[in-house]
Amino acid sequence: MGWVAIRAKIKTKLDGLVTATLGCVFNGEQYKQGMDIPAYPAAEIVRMQSEPEFFTNREDIQGYVFAVNLYYPLTGDDWDTVEIAMDSVVDAVMQAFLDDASLTGSVDGRIQPMVMSAASHTWNGKLHRRDQIILKCNKITAMAG
């Protein structure tokens with residue numbers, strides 16, 4: 001199981017949060033200067049990196065890292081209100097992955113979610129708050145030889 005299968009599991013997990021927590025989920029990075037977000041908060045799944053780690057002399061751990069970017073619009077005087085609202089969104093997304101730490105058996109061990117610092121970001125000329133959750137998903141693979 002690699003990028004495509006793990007991404008599909010992450011997308012399914014986020015789709016399960018649409019309506020109750022999320023407004024929409026984008027499966028991949030979007031063109032931020034030419035499209036509007038249809039509903040908020042919006043989530044975007046982005047592939048980050050892959051890194052092998054030595055496990056034993058017969059196996060290694062392949063880490064597949066994804067970012068889940070969460071977006072919410074800012075009007076200029078509502079930063080504190082948006083931050084508090086986004087705390088509950090981040091909590092719900094994190095809990096979804098903690099409740100299914102193996103992505104229904106797709107990864108070995110536990111998925112490792114980590115919340116990154118929030119930042120402001122421009123999407124189609126409008127200022128947004130972006131919260132980011134990094135998901136490290138490990139798979140144990142047999143080494144050649």
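**Entry 1**

Buried stands for under 20% relative accessible area, exposed for over 50%, and partly exposed for what falls in between (1.4 Å probe, protein chains only).

I note the general background: in soluble globular proteins, nonpolar side chains tend to be buried together.

**Entry 1. Basis of the reading**

Residues are numbered from 1 along each chain as its sequence is written, and side-chain values use heavy atoms, with hydrogens and water left out. As the model is predicted, local features need pLDDT of at least 70 and side-chain atom pairs count only at pLDDT 80 or more, whereas totals for chains, interfaces and linings use all residues.

**Entry 2. Overall layout**

I recorded 2 helices and 5 strands, in the order α-β-β-β-α-β-β from the N terminus. These elements are DSSP runs numbered from the N terminus (helices: H or I, at least four residues; strands: E, at least two). Of the 145 residues, 42% are buried. Among contacts (heavy atoms within 4.5 Å) with a separation of 6 or more, 61% are between residues 24 or more positions apart. The accessible surface is about 7,700 Å², and carbon and sulfur atoms hold 51% of that area; the areas come from the Shrake-Rupley method with a 1.4 Å probe.

**Entry 3. Cysteines**

How many disulfides does the structure hold? I found 0, with a disulfide taken as a pair of cysteine sulfur atoms within 2.5 Å. Cys 137 is buried because its relative accessibility is 0%. Beyond residues up to four places away in sequence, Cys 137 touches Ile 6, Ile 10, Gln 62, Gly 63, Tyr 64, Leu 103, Val 107 and Ile 111. Cys 24 has 10% relative accessibility and therefore also counts as buried.

**Entry 4. A buried arginine**

I then turned to Arg 7, in helix α1. A salt bridge requires a side-chain nitrogen of Lys or Arg within 4 Å of a carboxyl oxygen of Asp or Glu. Leaving aside neighbours within four places in sequence, Arg 7 contacts Asn 27, Gly 28, Ile 45, Arg 47 and Phe 66.

**Entry 5. Salt bridges across the chain**

My search of the whole structure gave 6 salt bridges. One of them joins Asp 100 and Lys 13 at 3.0 Å, N to O. This pair links distant parts of the chain, 87 residues apart: Asp 100 lies in the loop between α2 and β4, and Lys 13 in helix α1. Asp 100 is buried at 15% relative accessible area, whereas Lys 13 is partly exposed at 22%.

Asp 36 and Lys 126 meet at 3.4 Å, N to O. Asp 36 lies in the loop between β1 and β2 and Lys 126 in strand β5, so this bridge ties together parts 90 residues apart in sequence. Asp 36 is partly exposed at 48%, and Lys 126 is partly exposed at 46%.

Asp 108 and Lys 139 have their closest N and O atoms 3.9 Å apart. The loop between α2 and β4 holds Asp 108 and strand β5 holds Lys 139, so parts 31 residues apart in sequence are tied together. Asp 108 is partly exposed at 29%, while Lys 139 is buried at 14%.

**Entry 6. Backbone details**

A cis peptide bond joins Tyr 40 and Pro 41, with omega about -10 degrees; Pro 41 is in the loop between β1 (24–26) and β2. Thr 19, not a glycine, has a positive phi of about 90 degrees. Thr 19 sits in the loop between α1 and β1 and is exposed at 75% relative accessibility. Thr 104 has a positive phi of about 55 degrees, lies in the loop between α2 and β4 (112–123), and is exposed at 59%.
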